[in-house]
Amino acid sequence: MAILLSLAIIFTELSLMAFGGGITILPEMQRQVVEVHQWMSAQEFSALFAMAQAAPGPNMMIVPLIGWHVAGWAGLLVSSVAKFGPSSLVTILVLGAWKRFKDRPWRRIVQTGLVPVTVGLVTASGVLIAEASATNWQLALLVLVATLVSMNKRIHPLWILAGGAVLGLLVA
């Protein structure tokens, strides 16, 4: 029961912090799950994240996987409701006001100011996953090449993921 309560508290907090998209909370999610509660290793977290990204659906499919890993079906349910419920309610409540003020100068200023914050949070998430995945210099090189390819070529991310998986098996 204590684990379910911990999952509920952690993912409710993360839900309300997920500003700019779910991926922005990945560093704090990893810190809570790996460092604070020690429910899994950084490599296990990274593997769950990769699996979640490969699956169809929202990019936060890692949340139910963490819940499942930690506490089975009950953990999956609690973590999912805690992560997706609060932010959905806030979105519904704020959306009306946000639309009502669509022509106000302050709204454009707020949106412009939030872009670098979101970019920074997404970059931090990428670095966190890269550090957990690159356990030797060959895998670090593979992460770097995959990052450069995804930034400079118009290749579907699943092809990059598949290619990285195959090469990762060869060098690991």
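Student: What makes helix 1 and helix 4 a packed pair, in angle and distance?
Tutor: Helix 1 (residues 2-17) and helix 4 (residues 62-100) pack at about 35°, and their axes are 8 Å apart. The axes are lines fitted to C-alpha atoms, for helices over the stretch in contact, with angles from 0 to 180 degrees between N-to-C directions. Two packed helices are described by just that angle and distance. Before we go on: this is a predicted model, where local features need pLDDT of at least 70 and side-chain atom pairs count only at pLDDT 80 or more, while totals for chains, interfaces and linings use all residues. Residues are numbered from 1 along each chain as its sequence is written, and side-chain values use heavy atoms, leaving out hydrogens and water.

Student: Why is the crossing of helix 1 and helix 4 called right-handed?
Tutor: A crossing is right-handed if the near helix is turned clockwise from the far one by less than a right angle, and left-handed if anticlockwise. Helix 1 passes helix 4 in the right-handed way. By class, their contact has 15 nonpolar, six polar and one charged residues. Here Ala, Val, Leu, Ile, Met, Phe, Trp, Tyr, Cys and Pro count as nonpolar, Asp, Glu, Lys and Arg as charged, and the others, Gly among them, as polar.

Student: How many helices and strands does the protein have?
Tutor: Seven helices and zero strands, so from the N terminus on the elements read α-α-α-α-α-α-α. Both are DSSP runs numbered from the N terminus: helices are H or I with at least four residues, strands are E with at least two.

Student: What makes Glu28 and Arg31 a salt bridge?
Tutor: The term asks for a side-chain nitrogen of Lys or Arg within 4 Å of a carboxyl oxygen of Asp or Glu. Their side chains meet at 2.9 Å, N to O, so the pair qualifies. A search of the whole structure finds one salt bridge. Glu28 and Arg31 are three residues apart in helix 2 (residues 26-36), so about one helical turn separates them.

Student: Is Thr24 buried or exposed, and how do you know?
Tutor: Buried means under 20% relative accessible area, exposed over 50%, and partly exposed in between (1.4 Å probe, protein chains only). Thr24 has 6%, so Thr24 is buried. Thr24 sits in the loop between helix 1 and helix 2, with its C-alpha 8.4 Å from that of Gly120, 96 residues away along the chain.

Student: And why is Gly126 put in its accessibility class?
Tutor: Gly126 has 40% relative accessibility, so Gly126 counts as partly exposed. Gly126 belongs to helix 5 (residues 105-133).

Student: What is the accessibility class of Gln38, and why?
Tutor: Gln38 has a relative accessible area of 62%, so Gln38 is exposed. Gln38 lies in the loop between helix 2 and helix 3 (42-54), and its phi is near 55°, a positive value in a residue other than glycine.

Student: Which residues make the nonpolar surface patch?
Tutor: Trp137, Leu141, Leu144, Val145 and Leu148, covering about 520 Å². Patch members need over 30% relative accessible area and no salt bridge; like charges are joined within 9 Å, nonpolar side chains (Val, Leu, Ile, Met, Phe, Trp, Tyr) within 5 Å. Val145, in helix 6 (residues 137-152), has 42% relative accessibility and so counts as partly exposed.

Key
Accessible areas come from the Shrake-Rupley method with a 1.4 Å probe; for residues, only the protein chains shown count as cover.
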